[in-house]
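Please keep the sequence and the structure in view while reading.

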Amino acid sequence: MKNVIFTLIALTGMACSVQQPISRADIDPVREETLPTQGIFYYLPKTVIKVEVKAQKKIVKPGPFYRYSQRYLNLSDVITEDKEEWTITGARISTKSLPDAKRMFRITTQGSPSAAMVSLTPEGILQGINLPPLMEKTHQHKPGTPLIKTSSSELFFDDVPFTEEQLLKTSTAAMAEEAAKEIYRLRDAKRRLMESEAQILPPDKGAYQTVLEQLEIQEQKFLSLFKGKIVTSQMVQTFDFVPDTLTKGNQVLFRFSAQKGFVDPMDVSGTPVYIEVKAPGTVSTPLTYAPAEKGDVRRGLVYCIPASARVKIIDRTLLLTEADVNLGQLGQLRRLPPSLLDNPGTSVRIDPLTGALIQIISKPEAPVMTK
């Protein structure tokens, strides 16, 4: 009985002795060239404007018999020379982020504050403090559409089904004449099939349509020997632009040639395509320290209020696209209250694209019993 009473008294005494552990975090700006050896380091992001430009490449190739088009088929509107034509068909603006070497910070901790649980992107950009696993997601970018390559069968005329007799002709003029006769033969076969005058009709409507389509395909292959071919392909080229406080007016994003497509920015054979970034009323300033709490010289978690900017992509005088974006490097730096992250239950979510504060979740701190 005495042992039971003693145990109850001991437990009561422990419950009355409740203290909070010391838990604090210091956050200081640092430079890469003078990087300390200890601490947790994070970057705020530098927002990159990513421009995906869609272009169409058109290859024009004359047929080997184009000189005989008028004589054998009475065709005058045919391709007579090789050409390559490029046109811009569209553009899209998005953003990504890079670590900003001018906005790097060190966290040093004592105890187990929330600030010790830092979530970073693979590049070291801050994306949150004490985040649940499902929230630790970095921004993903979809890859651009690559060039859709043109096969040799599309550019050349190797798929034309010449007969042995046609191939035995010794001159181009004779071969052109045989090709023209084959075109007339195919047209006559289509006519008779459509008029139901063929000697053997297909057993059903589906087979009838298939035969008709095959005759049309064969005719177009022979016609390409006279009319030539036009083959198009699509591509997307991506350009990155990092605006800063010195960015003024329109900047040349890239140059584009109607004959060569995307060319070097210094190649004056291409016409310039400009990027215009306007962020009115914003001036990037260095970090200034807020007044410290009484008896506390620590600095709170640094985040960013990004600047809003209007971005335009202009092909000479033609507006290709425009969009509103948020730019971290042109925004203002702010700090959370230094005591906020002392609570191990506090979570902070930061946008890794701009450094903006997205969400704060603070749970009451449970008391810790000590002797």
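## Terms and basis

Two strands are said to pair if DSSP finds at least two bridges between them. Helices (H or I, at least four residues) and strands (E, at least two) are DSSP runs, numbered from the N terminus.

The model is predicted: local features need pLDDT of at least 70, side-chain atom pairs count only at pLDDT 80 or more, and totals for chains, interfaces and linings use all residues. Residues are numbered from 1 along each chain as its sequence is written, and side-chain values use heavy atoms, with hydrogens and water left out.

## The open sheet

An open sheet is formed by 5 strands in the order β9-β8-β10-β11-β12, with antiparallel pairing. Strands β9 (261–263) and β12 (318–335) stand at the edges; each has a single partner strand, so one side of each is left without a neighbour in the sheet. On average, neighbouring strands of this sheet are turned by 35° against each other, direction ignored (axes are lines fitted to C-alpha atoms, for helices over the stretch in contact, and angles run from 0 to 180 degrees between N-to-C directions).

Strand β10 (residues 271–278) is joined to the antiparallel strand β8 (residues 250–257) by 6 bridges. In β10, T271 stands opposite F256. Another 6 bridges join β10 to strand β11 (residues 302–315), and these two strands also run antiparallel. In β11, V311 is the bridge partner of V277, and R310 is the bridge partner of K278. In general, strands of a sheet pair through backbone hydrogen bonds, either parallel or antiparallel.

## Helix α5

Helix α5 (residues 172–194) has 23 residues. From its first C-alpha to its last it reaches 33 Å, close to the 33 Å expected at 1.5 Å a residue; the expected span is 1.5 Å times one less than the number of residues.

Which residues of α5 are buried? They are M175, A176, E178, A179, A180, E182, I183, L186, A189, K190 and L193. Here, buried means under 20% relative accessible area, exposed over 50%, and partly exposed in between (1.4 Å probe, protein chains only).

## Salt bridges

A salt bridge is a side-chain nitrogen of Lys or Arg within 4 Å of a carboxyl oxygen of Asp or Glu. By this rule, the count comes to 15 salt bridges. One of them joins K190 and E219, whose closest N and O atoms are 2.5 Å apart. This pair links distant parts of the chain, with K190 in helix α5 and E219 in helix α6 (residues 205–227), 29 residues apart. Both K190 and E219 are buried. A network of salt bridges links R187, K190, E216 and E219.

K96 forms a salt bridge with D240, with the closest N and O atoms 2.7 Å apart. K96 lies in strand β4 (residues 83–110) and D240 in strand β7 (residues 229–241), 144 residues apart. K96 is partly exposed at 22% relative accessible area, and D240 is partly exposed at 41%.

In the salt bridge between E322 and R310, the closest N and O atoms are 3.2 Å apart. E322 lies in strand β12 and R310 in strand β11, so the pair ties together parts that are 12 residues apart in sequence. E322 is partly exposed, with a relative accessible area of 34%, and R310 is partly exposed, with 30%.

## A buried aspartate

D28 is found in strand β2 (residues 24–30). D28 counts as buried because its relative accessibility is 18%. The C-alpha atoms of D28 and M104 are separated by 8.6 Å, while these residues are 76 residues apart along the chain.
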